[in-house]
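Open the model in your viewer and keep the sequence beside it. The tour goes from one selection to the next.

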Amino acid sequence: MEILKSELFKNFSKQEIEQLLNSNFIYQKSYKKHQYIYKSGNTTDTFGLILKGKVRLEITNYWGSRMILSNRNKFQIIAESYAISGEKLIIDVVASEDCEILFIKTNEIFANHNNYNDKLIKNLLVILSNDNYSLSQKLCQSSFKKIRQKLTVYLSSVALKKETNEFEIPFNRQELADYLNVDRSALSKELMEMKKEGLLDYNKNHFSLHKNFKEEYFYVI
């Protein structure tokens with residue numbers, strides 16, 4: 001059963017998954033590309049598990065400028081902190097492509113104690129902890145003013161996570177600019193300069209960090 005690959009259902013048996021999916025507090029819904037799954041300003045008592053497709057978490061300000069907070073892929077969850085806290089969303093969750101979402105009502109999980117609900121709560125806590133770590137990284141990147149600083153910190157964090165100096169990032173150039181909260185043209189110019197200086201190489205969303213990138217990291221920080 002492919003859904004067992006999700007961190008949300010870690011240590012679940014196939015039988016437990018089948019029982020859970022037949023519960024009345026779980027339902028499934030389809031979304032088209034660019035359709036809102038969750039809208040800022042609203043509250044929710046459910047969080048979602050992505051069964052198919054990709055979604056992005058973003059903030060759009062009063063003037064229409066967008067900043068991408070993160071991308072979420074198949075078997076990752078969305079809006080879990082809002083579903084638990086009951087606070088209004090300050091972000092939008094948007095389908096990056098056609099997707100299928102499995103929604104789970106948090107009230108039912110916390111109200112009814114049984115073996116699989118307790119496992120869900122434990123797994124949710126681990127996922128929330130990882131999300132907080134990712135948010136800390138995002139805040140670190142946002143604290144720098146220069147584009148090169150933001151790029152260097154972001155690419156270094158990806159390399160560290162993937163344990164390799166050659167990797168792909170989940171953003172196209174515009175999405176990367178939105179994620180780093182910088183101008184796309186200025187971002188492209190900085191990348192070309194870094195490539196010219198021999199710090200890195202790239203092709204679309206594929207990056208390769210060279211040996212002297214390490215020295216650049218300590219220089220810009």
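This is a predicted model. Start by selecting glutamate 2 and lysine 5: they form a salt bridge, with the closest N and O atoms 4.0 Å apart. Glutamate 2 is partly exposed, at 41% relative accessible area, and lysine 5 is exposed, at 62%. A search of the whole structure finds 11 salt bridges.

Next, select arginine 148 and glutamate 197. Their salt bridge has its closest N and O atoms 2.9 Å apart. The pair links distant parts of the chain, 49 residues apart: arginine 148 lies in helix H5 (residues 147-162), and glutamate 197 in the loop between helix H7 (184-196) and strand E10 (200-203). Arginine 148 counts as buried because its relative accessibility is 15%, under the 20% cut-off.

Now select Arg56, Glu58, Arg66 and Asp178, which are linked in a network of salt bridges. Arginine 66 is partly exposed, at 25%, whereas glutamate 58 is buried, at 5%.

Turn to the open sheet of four strands, in the order E2-E7-E4-E5 with antiparallel pairing. Its edge strands are E2 (36-38) and E5 (66-72). Four bridges join strand E4 (residues 55-60) to E7; leucine 57 has valine 93 in E7 as its bridge partner.

Last, select aspartate 92 in strand E7 (residues 92-95).

Notes. Residues are numbered from 1 along each chain as its sequence is written. This is a predicted model: local features need pLDDT of at least 70, side-chain atom pairs count only at pLDDT 80 or more; totals for chains, interfaces and linings use all residues. Side-chain values use heavy atoms; hydrogens and water are left out. Helices (H or I, at least four residues) and strands (E, at least two) are DSSP runs, numbered from the N terminus. Two strands pair if DSSP finds at least two bridges between them. A salt bridge is a side-chain nitrogen of Lys or Arg within 4 Å of a carboxyl oxygen of Asp or Glu. Buried means under 20% relative accessible area, exposed over 50%, partly exposed in between (1.4 Å probe, protein chains only).
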